[in-house]
Amino acid sequence: MKRLNGVDAMMLYSETPEIHMHTLKIGILDVSQVGGFDFDVFRSVALPRLHALAPLRYQLIDVPGKVHHPFWVQNDKIDVDYHIRRARVAAPGGRRELDQLIGEIAGTPLDRSRPLWEMYVAEGLSDNKIAVIHKVHHVLADGVASANQLAMAIQAAEPAVGGELPAVSSESRGRSRLLRAAGRDHLRQLRRLPGLMNETVTGVARVRKQSRIRGQHPDLARNFAPPPSFINHVVSPGRRFATAPLALADVKQTARHLQVTLNDIVLATAAGALRALQLRYDERADAPLIAGVPISYDTSPGRLTGNEFSYMTPSLPVHIEDPLARVRLTATATAIAKENHHLLGATLLPSWLTYLPPTLTPGVFRTQARRLESAMVMNLTISNVPGPRDRGVFEGATIDEIYSVGPIVAGSGMNITVWSYVDQLAISVLTDDRTLQDPHEATDAMIEAFAEIRRAAGLSDQLTPVETALPLARAS
């Protein structure tokens, strides 16, 4: 058995009927060179690979009375008929129709009485392609762990079993054993509390001292004060989804030319896109937004489960018209956010989340989901996750594209996730069904904002096409 850590528990407790806490990984496979590749072939080939990913056999067990966070236990087998499902993309089978199907899949919660994942094999795509849509609860794996799972699943050879939990007897899962283990763990947490409080006071003091040294930055957003935006409202349960690829070489070239990081370019591109969308929906973009950017503190390639990350909250200069000034201010904001995150301590927030009370926290999140019209810390989540560097081949089918997206949170109707894969930077946008008229407005705006940065930098705005990708879907 394995108890959930604090961040894992938050991912579980924060799920409500409106806020679905699963993530999605989407692979688009070219099966043109594989005769007779269909759902049954995929299932027979995939099953031993999925079985080798022991976390996909994990199931949650509650502690009696919910006096502590739940445990993972491991099942012997995968219920293939339940977990691997057939789906069909509507005609004519392009990117728009695939994105629509993914949005529908994203809009339904996972059944907690089962291992928390589903996999859909979507047929009906044009150009001899199929899509595999992996839906997994965030309680099971964060972005790094999910990327490691994916890399393991698509490697050429059948993988060895990874992530297995020790076998436990039925007596170990008995009421008295679970309660005694919870009591021992609570005592350990109480002993750690004075040290954690001291660490918190020290970290906050370091951040404040460094802030005074830096001086004022009037163009940056104030911490914990996200301004009003069309993104922020009471989130509805419906979901919409959009994707678009950029050539990774174009993004790297732009970052080198402007002497900033690739992550700075991603965030500056998002800032430009959000500026355009705010001008359209709010008719103004006069204040910087705040992004919640996950930062992993355990990037081990062998980690297949758990949430080992915290957040930094950089300012997004949507109020800046000049694209190059926007890039420079983004780089400054990101550097400050990283420094603050380091000074505060990467594991400080996750350590405090261990103390979330299991009986009270889910009710608090349910109330927030129905009432919050703005997230209290950030306007939206923006993730940038490095994916597999080698092109995957699955039973002769080439994996042409991979997309990933995390959940949206209470009071924030948008998540932008960027996932690098071989030669492409894959943009995914998840929204509820209130935020945009068409989710491809966001991907269109991302592409235009990136081209705008390149024009301003003196680089070509004729973006390199990703030849293996499905044609772009533009907003209607």
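These legends describe close-up views of one predicted model.

Residues are numbered from 1 along each chain as its sequence is written, and side-chain values use heavy atoms, with hydrogens and water left out. Because the model is predicted, local features need pLDDT of at least 70 and side-chain atom pairs count only at pLDDT 80 or more, while totals for chains, interfaces and linings use all residues.

**View 1. Helix α7 and its cover.** Helix α7 spans residues 248-258. Helices are DSSP runs of H or I with at least four residues, strands are runs of E with at least two, and both are numbered from the N terminus. Leu248, Asp250, Val251, Thr254 and Ala255 of α7 are buried. Buried means under 20% relative accessible area, exposed over 50%, and partly exposed in between (1.4 Å probe, protein chains only). Seen down the axis of α7, the buried residues fall within an arc of 165°, so they line one face of the helix. The arc is taken from the directions from the helix axis to the C-beta atoms. An α-helix has 3.6 residues a turn, so residues three or four places apart point the same way. Ala249 and Arg256, on the other side of α7, are exposed. The cover over the buried residues includes β8 (239-247), α8 (262-281), β15 (414-421), β16 (424-432) and α12 (440-456). Contact here means heavy atoms within 4.5 Å. Just after α7, Gln259 takes a positive phi of about 55°.

View 2. Ala91 and Pro92 are joined by a cis peptide bond, with omega about 5°. Pro92 sits in the loop between β5 (84-88) and α4 (95-106). Lys66 is a residue other than glycine with a positive phi, near 50°. Its loop runs between β3 (58-61) and β4 (71-74). Lys66 counts as partly exposed, at 40% relative accessibility. Val422, also a residue other than glycine, has a positive phi near 55°. Val422 lies in the loop between β15 and β16. With a relative accessible area of 23%, Val422 is partly exposed.

**View 3. A three-stranded open sheet.** The strand order is β1-β4-β3, and the pairing is antiparallel. The edge strands are β1 (2-3) and β3, each of which pairs on one side only. Two strands count as paired if DSSP finds at least two bridges between them. Strands of a sheet pair through backbone hydrogen bonds, either parallel or antiparallel. β1 and β4 run antiparallel and are joined by two bridges. Lys2 stands opposite Trp72 in β4.

**View 4. A nonpolar surface patch.** Phe224, Met376 and Val377 make up the patch, with about 330 Å² of accessible area together. Patch residues have over 30% relative accessible area and no salt bridge; like charges are joined within 9 Å, nonpolar side chains (Val, Leu, Ile, Met, Phe, Trp, Tyr) within 5 Å. Accessible areas come from the Shrake-Rupley method with a 1.4 Å probe; for residues, only the protein chains shown count as cover. Phe224 lies in the loop between α6 (175-214) and β8. Phe224 is exposed, with a relative accessible area of 63%.

**View 5. Salt bridge Glu15 to Arg112.** The two side chains meet at 3.1 Å, N to O. The pair links distant parts of the chain, 97 residues apart: Glu15 in the loop between α1 (6-13) and β2 (22-30), Arg112 in the loop between α4 and β6 (117-123). A salt bridge is a side-chain nitrogen of Lys or Arg within 4 Å of a carboxyl oxygen of Asp or Glu. Glu15 counts as buried at 11% relative accessibility. Arg112 is partly exposed at 35%. The whole structure holds 23 salt bridges.

**View 6. Salt bridge Arg86 to Glu123.** The closest N and O atoms are 2.8 Å apart. Arg86 in strand β5 and Glu123 in strand β6 are 37 residues apart, and the pair links distant parts of the chain. Arg86 is partly exposed at 48% relative accessibility. Glu123 is buried, with a relative accessible area of 14%.

**View 7. Salt bridge Glu441 to Arg280.** These side chains meet at 2.8 Å, N to O. Glu441 lies in helix α12 and Arg280 in helix α8, so the pair ties together parts that are 161 residues apart in sequence. Glu441 counts as buried at 9% relative accessibility. Arg280 is partly exposed at 49%.

**View 8. A salt-bridge network.** Arg3, Asp185 and Arg188 are linked in a network of salt bridges.
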